[in-house]
Amino acid sequence: MAWWNIGIAAVGLVVNVAGQQKAKKAAKQDAAFEAEQRRKAAALSRATGQRHAIEERRQARLVESALQARAGGGGLDPTIVDLQSDIAGEGEYRALSALYEGNEGALGMEAAADSTLRGARARARAADYQTAGTILEFGSSLYGGLNTRYSGRGPAAKS
């Protein structure tokens, strides 16, 4: 194995390792960006659910108010009281459902963000192992080439 071959192989090793590390860094940055976008979407989902809950409660109050107006202020009539209770209950049910839906959507998005980051960490570890393998492979081939050349057992030793 000529010394210039060793030099070229060493340069190739450095370029290969540098490329693997840059790819690892870029993948981590991409995953962090994607996770951040998912977390923002989760916050938006919660906010949307809260806004819908507020609207459902407002609608229930409007219907109760309209019922009171039609009853001519007779809010003590048992039928009116029962209707108001039903309206309030339905409004609260809808409000809580909107909160639940917003929160469930957010939890799913947050889980996806966490999964994205876990995957990036796993890929980063794999890149580190690949880099170590590349270095060991280079060392092994260098050792094999030098050992063959200088041990007196290879074709280069006869020249």
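**View 1. Gln-20 and its polar partners.** The side chain of Gln-20 makes a polar contact with the side chain of Thr-134 at 3.2 Å, and another with the side chain of Thr-131 at 2.8 Å. Here, a polar contact is a pair of N or O atoms within 3.5 Å; within protein, one must be able to donate a hydrogen and the other to accept it, and residues adjacent in sequence count only if both atoms are side-chain atoms. Please keep in mind that this is a predicted model, in which local features need pLDDT of at least 70 and side-chain atom pairs count only at pLDDT 80 or more, while totals for chains, interfaces and linings use all residues. Residues are numbered from 1 along each chain as its sequence is written, and side-chain values use heavy atoms, with hydrogens and water left out.

View 2. Gln-20 sits in helix α1, residues 3-70 (helices are DSSP runs of H or I, at least four residues, numbered from the N terminus). With a relative accessible area of 10%, Gln-20 is buried (buried means under 20%, exposed over 50%, partly exposed in between, using a 1.4 Å probe and protein chains only). Beyond its neighbours within four places in sequence, Gln-20 is in contact (heavy atoms within 4.5 Å) with Ala-127, Gln-130, Thr-131 and Thr-134.

**View 3. Asp-128 meets Lys-24.** Asp-128 belongs to helix α2, residues 78-150, and is partly exposed because its relative accessibility is 33%. Its side chain makes a polar contact with that of Lys-24 at 2.7 Å. Asp-128 and Lys-24 are 104 residues apart in sequence, yet 8.3 Å apart in space, C-alpha to C-alpha. Leaving aside neighbours within four places in sequence, Asp-128 is in contact with Gln-21 as well as Lys-24.

Notes: Helices (H or I, at least four residues) and strands (E, at least two) are DSSP runs, numbered from the N terminus.
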